[in-house]
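Here are my notes on the model, point by point. Have it open while you read.

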Amino acid sequence: MPIQYYIYFCLTLFSIGIIGVLTRRNAIIVFMCIELMLNAVNLLLVAFSKMHHGAALAANPASTAGIDGQLFVFFIMVVAAAEVSVGLAIIVMMYRNTHSVDINFLNRLKN
Amino acid sequence: MNAIIFSAVLGVLLMFSGIFFSKKSTITVIAVVSLLILFIVNIAENYGLFAITVDTKNLLSFSRFGLFFNSILIAATLIFVLLSGKEIENTSVNTAEYYALIMFVLCGISILTAFNGLLMLFLGIEIMSIPLYILTGADKRNLKSNEAALKYFLMGSFSTGIMLMGIALVYGATGSFDLVSVMNKPGSAGVEIPSFLKSAGYILLFAAMCFKVSAAPFHFWTPDVYDGAPSVFTSFMATIVKAAGFFAFIHLFESNAALLGPSWKILVSFVTVATLLAGNITAVFQQSIKRMLAYSSIAQAGFMLLALFSNNDLAREGIILYAVAYCMATIGFFAVLIKVKDYTFEGFNGLAKKEPLLAFSATIFLLSLAGIPLTAGFFAKYYMLASVIKSGGALWLVITAVLFAAVSVYYYFKVIQAMYFKEGNPEVNAGSAMYRTLLVLLAAAIVLVGALPSIVLNWFYF
């Protein structure tokens, strides 16, 4: 499959995530949309890694060039997991005080 | 490598010290000692006396500039803990955890001052940001703190997503995460890739970095987060973390700026002017001093962006001086602000009568922030402007920056006016003798650096 398919698919997925963040009002759904953005990046990195690695293999069968993209994906997963643990704790903390996870509630600091 | 290893280990030790020591002031002493150790090992590495070397496969590279900048930030954290340790103890019951989180932030900063590729840039920024989300929400019962934490978290991880997309696109175009080769490499042979990838990737990276240093038009989170977070941690976020963000921003683009073409300069100057405008003009209309400081930190970020624009040796000296001047002045002023009960301008009325020492040091901090001669802030701004002139051509940018610096004098002097020329009886906690001594020493240091900026810069060249 040409790489363009992966690029456009990942960009679509990423855009869905961005639109979700901008339009949804529930903190947990906003959070899920952010995760969707990260996963779109993961998929794109793996696709690019495979592409670069394939090109390097054709030139030299022992080449390991292009595998660092897949390494990056593991780091993104680890950081995303750390972010989830902190983020959910913050959402729970807010829910305890306001009994709501609606981010429209976040307007106390405006004035 | 010293600072990265020691900050992580000392952070874990500090976290456990909460179990063994129930007295909060003991934990503060341990934190101060840990920061001192961290400072010493970092300096030692810079002088080549004691250095742990790990083969990082070219992911990290320790330059003298980066290590020196790291030492400045660790020293600033030390001053911050010495001045505001009492307030950290009073924030909540989990004192040891807060110090541990500050150490983890420093670990992220140590990575950011040494990164040599996009992978370490990403990890450094995340290790720096995630503890900050927690520190922002440290005041658990306070709704404003909750709101600030959630806002910071959602915006922060959103911008991380944007940055990662930028990194992925750059990787697709070049097949490498290395900082230097990224721009030069045309990409793997025999692969057909769309040509927009590299420029799109760099624009996304630029936007995400602008968000992290709160440059306009990505600054909207800053006032709310800085206002809602507990004041001690606002002071930490607005100074040390922001300076580290700037170092990363400049380091990311310094070796590649020439290859990015003329549109790069237009983009950076646009962002700089927008940041100066948004920060300074909005700060004029604030009622709360804490919120005014949040906008002023955006305005100061505009000045630091000039180093990104000019990108020469003078800019590197300038960003060092700016980090020193801005960190000292803002940490000092926040230390005074915390002691005052009411954060509005009226809350400062008549402070000079009641606490002449606090008011006098606060005046020096504000003069330094405004960039008045004989304070450190003057030479910081001077070096920035000189570097832009040296890089050639952009005289209009210098004039704009000077005009906005003049605007900033208005809102800084409003505080001085309230302290000295208005009648009032502010509620203020005078603080311990050590706090007052340190405050005066800090003010003296600002005047000293303002008179002889070379004492900071000589360290850089030693």
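In what order do the elements of chain A run from the N terminus on?

1. They run α-α-α. Keep in mind that this is a predicted model. Chain A has three helices and zero strands. Its radius of gyration comes out at 19 Å, well over the 13 Å that the globule rule gives for 111 residues, so chain A is more spread out than a compact globule.

2. Still on chain A, 36% of the 111 residues are buried. Of the contacts in this chain with a separation of 6 or more, 46% are between residues 24 or more positions apart.

3. Now the contact between the two chains. Chain A puts in 41 residues and chain B 37. On the chain A side, the elements giving two or more residues are helix H1 (3–23), helix H2 (27–59) and helix H3 (68–98). H3(A) gives the most, with 16 residues. By class, that side of chain A has 30 nonpolar, eight polar and three charged residues.

4. Over in chain B, have a look at helix H5 (residues 118–136) and helix H6 (residues 143–174), which pack at an angle of about 170° with their axes 9 Å apart. An angle over 145° counts as roughly antiparallel, and that makes H5(B) roughly antiparallel to H6(B). The H5(B) side of the contact consists of B:Leu118, B:Phe122, B:Glu126, B:Ser129, B:Tyr133 and B:Thr136. The spacing there makes sense, because an α-helix has 3.6 residues a turn and residues three or four places apart point the same way. Among the residues they meet in H6(B) are B:Ala149, B:Phe153, B:Gly156, B:Thr160 and B:Leu164. The residues of this contact divide into eleven nonpolar, five polar and one charged.

5. Is helix H15 (residues 356–370) of chain B enclosed or open? Twelve of its 15 residues are buried, so H15(B) is largely enclosed by the rest of the structure. The buried ones include B:Leu358, B:Ile364, B:Phe365 and B:Leu369. Their cover includes helices H12 (289–310), H13 (313–339), H14 (351–354), H16 (376–391), H17 (395–421) and H18 (433–451) of chain B.

6. A last bit on the geometry of H15(B): from first C-alpha to last, this helix reaches 21 Å, close to the 21 Å expected at 1.5 Å a residue.

Definitions and conventions:
Residues are numbered from 1 along each chain as its sequence is written. Chains are lettered from A and ligands numbered from 1 in the order in which they are written. This is a predicted model: local features need pLDDT of at least 70, side-chain atom pairs count only at pLDDT 80 or more; totals for chains, interfaces and linings use all residues. Axes are lines fitted to C-alpha atoms, for helices over the stretch in contact, and angles run from 0 to 180 degrees between N-to-C directions. Helices (H or I, at least four residues) and strands (E, at least two) are DSSP runs, numbered from the N terminus. Angles under 35 degrees count as roughly parallel, over 145 as roughly antiparallel, 65 to 115 as roughly perpendicular and the rest as oblique. Two residues are in contact if their C-beta atoms, placed from the backbone, lie within 7 Å. Ala, Val, Leu, Ile, Met, Phe, Trp, Tyr, Cys and Pro count as nonpolar, Asp, Glu, Lys and Arg as charged, and the others, Gly among them, as polar. The radius of gyration is taken over C-alpha atoms; the globule rule is 2.2 Å times the number of residues to the power 0.38. A residue is buried if 20 or more other C-beta atoms lie within 10 Å of its own, exposed if 12 or fewer, and partly exposed in between; C-beta atoms are placed from the backbone. The expected span of a helix is 1.5 Å times one less than its number of residues.
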